[in-house]
Amino acid sequence: VVSVGFIGLVKSLLESFITHESPFLLFMVAVFVSSYYGAKRAGVLATVLAAIVSDYFFLAPYHSFVISEVGQGIQLSLFFLEGITLSLGVAKLKKMRSEAEFSRLEILRQQEQLQSLNYSLDRRVTERTEKLTEVNQKLSHIIQAQAMTENALRQSEERLHLALEASGDGIWDWKIDTGKVYLSPQWEQMLGYSLGDLPGNVNTWSNLIHPEDSHWVMEQLNAHLADHNVPYDFNYRMQTKSGDWKWIANYGKVVDHDGQGQPRRMVGIHRDIHERKQIELQIAESLREKEVLLKEVHHRVKNNLQVICSLLNLQARSLHNVQLQEQLQDSRSRIRSMALVHEKLYQSPSLSKISFVGYIGDLAQQLLRTYSRQSSQVSLNLDIDIAIELTIDTAVPCGLILQELISNTLKYAFTPSTKDGWIYLRAKALDNHLTVVYEDNGCGFPPAVDLYHPDTLGLQLVRDLVEQLHGSIEIKNTSGVIFNIAFPLSDDIEKGDI
Ligand SMILES: Nc1ncnc2c1ncn2[C@@H]1O[C@H](COP(=O)(O)OP(=O)(O)OP(=O)(O)O)[C@@H](O)[C@H]1O
Ligand SMILES: [Mg+2]
């Protein structure tokens, strides 16, 4: 439509200066113009038709021409053909130009796309490079940390290895479910075997245990497997390659369990304690020998003291002076109180300490028997802490003090007719001090007795012995007598001559 309109416009312009005899020229112009513009969209054929139609409509009826001659017809046909050829050529050129333009634009567009792609590729490469650098850095940190960990592990393994080598301890690692055991070289060497001599299973170990130890060792093992709080730590004998028995200290622990909580793995060490055990056994034997010896010594001392008592007794019998006889009797009594300490000592489990209540109980009974003539009606009340134990250094002076007090009561406090006489003895240990309260309900001291500066042996001995024990004494003379004695129970009381 645009082409036709345009041709119409051109035609009317040309009509003003072209004569009626120039239709071919007009037609040519129309064909060229229409082909040039029309080819753009409608194609060459549509342009030619439009030109013919326009010629037909616009030239006729005013300038219709008639082909009167064949030559004129041929000339017109050729003219048409030339016009069409030219139109086609122009159209072809136009098309080529347009295609070239399109190609150029396409190339430009592709170049732009390529550039954009290139740019995006560059950007992605940069981004990826940055990420890769970051990953690389992280990786190198991880590798560094791993290297440090490996190094630390190597060092730790090396230390363990050196420590084990230095200690000479052997390691065992038992897979309980399979029965397989790893035995370290030291483990095997400890028993005189070379590396790999022994098969790595649990029977290897159990078969080498001393028959006397085997039963209780298995008990220990089963107890630990059943309850891991039971320590797996004991010494037993194992057979060496040469057939000898060697003392081994065994320490172990369950370190892994299966899904049902059953022990799956146990690890431990073996330590050669044979020499130490031999020395321990020697020491124990020597200690036992010394204990026997000590008992023997105490026993002999007691016997010797009893011999002295017997001698004094014999001597007393030969005397006719009653006073002298009584004095010898007192001396015998004192010696017996000391002999009793030695008797108690060799009977005591420790051989170094005796039970205070046991000793004083026996001493008092002994005195009651000795002075039975005077003491038939006297009751004895002991209130002594059973936990109190005395060493020989405390027991002898303490026994002598109480022997003086009890013998005095039995001798002087009561008359033969006294029916309700009593002795009360209380002993308590507090803050490593022993307090003894001795009391009787007798007649009390006669006024003539100087309690602070006595001139008789008995009371003097009591004061001296209390002093020797670094103790204190308080004497009350009421309706009977009361002695309050206190002294420290430390083992380092200065030993004095009694
Ligand atoms: N529990 C007592 N009740 C009454 N009088 C006592 C009591 N204890 C001691 N006496 C009196 O104190 C005196 C002094 O006692 P002490 O033990 O010092 O001497 P002794 O018993 O006479 O002789 P020895 O030196 O042989 O002990 C005794 O003679 C006695 O008269
Ligand atoms: Mg006396």
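**Salt bridges, burial and helix packing**

Trainee: Why is lysine 241 called partly exposed?

Mentor: Lysine 241 has a relative accessible area of 47%. Buried means under 20%, exposed over 50%, and partly exposed in between, with a 1.4 Å probe and protein chains only. The value for lysine 241 falls in between, so the residue is called partly exposed. This is a predicted model in which local features need pLDDT of at least 70 and side-chain atom pairs count only at pLDDT 80 or more, while totals for chains, interfaces and linings use all residues. Residues are numbered from 1 along each chain as its sequence is written, chains are lettered from A and ligands numbered from 1 in the order in which they are written, and side-chain values use heavy atoms, with hydrogens and water left out.

Trainee: How do you know that lysine 241 forms a salt bridge with aspartate 197?

Mentor: The closest N and O atoms of lysine 241 and aspartate 197 are 3.2 Å apart. A salt bridge requires a side-chain nitrogen of Lys or Arg within 4 Å of a carboxyl oxygen of Asp or Glu. The pair therefore qualifies. Lysine 241 stands in the loop between β3 (232-239) and β4 (245-257), aspartate 197 in the loop between α5 (185-190) and α6 (202-208), and these distant parts of the chain are 44 residues apart. Helices (H or I, at least four residues) and strands (E, at least two) are DSSP runs numbered from the N terminus. Aspartate 197, at 37% relative accessibility, is also partly exposed.

Trainee: How many salt bridges does the rule give?

Mentor: The count comes to 21 salt bridges.

Trainee: What makes glutamate 212 and arginine 237 a salt bridge?

Mentor: Their closest N and O atoms are 3.2 Å apart, and that distance meets the salt-bridge rule. The pair ties together parts 25 residues apart in sequence, because glutamate 212 lies in helix α7 (residues 211-226) and arginine 237 in strand β3.

Trainee: Are these two partners buried or exposed?

Mentor: Glutamate 212 counts as exposed at 58% relative accessibility, whereas arginine 237 is buried at 18%.

Trainee: Why is lysine 344 called buried?

Mentor: Lysine 344 has a relative accessible area of 18%, and this lies within the buried class, so the name applies. Lysine 344 is in helix α9. Leaving aside neighbours within four places in sequence, lysine 344 is in contact with Ile354, Gly358, Tyr359 and Asp362.

Trainee: What makes α12 and α13 roughly antiparallel?

Mentor: Helix α12 (residues 392-413) and helix α13 (residues 457-468) pack at an angle of about 155°, with their axes 9 Å apart. Axes are lines fitted to C-alpha atoms, for helices over the stretch in contact, and angles run from 0 to 180 degrees between N-to-C directions. Angles under 35 degrees are roughly parallel, over 145 roughly antiparallel, 65 to 115 roughly perpendicular and the rest oblique. The two helices are therefore roughly antiparallel. Their contact includes Leu400, Ile401 and Leu405 of α12 and Leu459, Leu461 and Val462 of α13.

Trainee: Why is α9 called oblique to α12?

Mentor: Helix α9 (residues 322-347) and α12 pack at about 140°, with their axes 9 Å apart. That angle makes α9 oblique to α12. The contact includes Met338, Val341 and Leu345 of α9 and Ile392, Val396 and Leu400 of α12.

Trainee: How do you know that phenylalanine 483 is buried?

Mentor: Phenylalanine 483 has a relative accessible area of 3%, which means that it belongs to the buried class. Phenylalanine 483 is in strand β12 (residues 481-488). Not counting residues up to four places away in sequence, phenylalanine 483 touches several residues, among them Leu405, Tyr438, Phe445 and Leu459.

How values were computed
Contact = heavy atoms within 4.5 Å.
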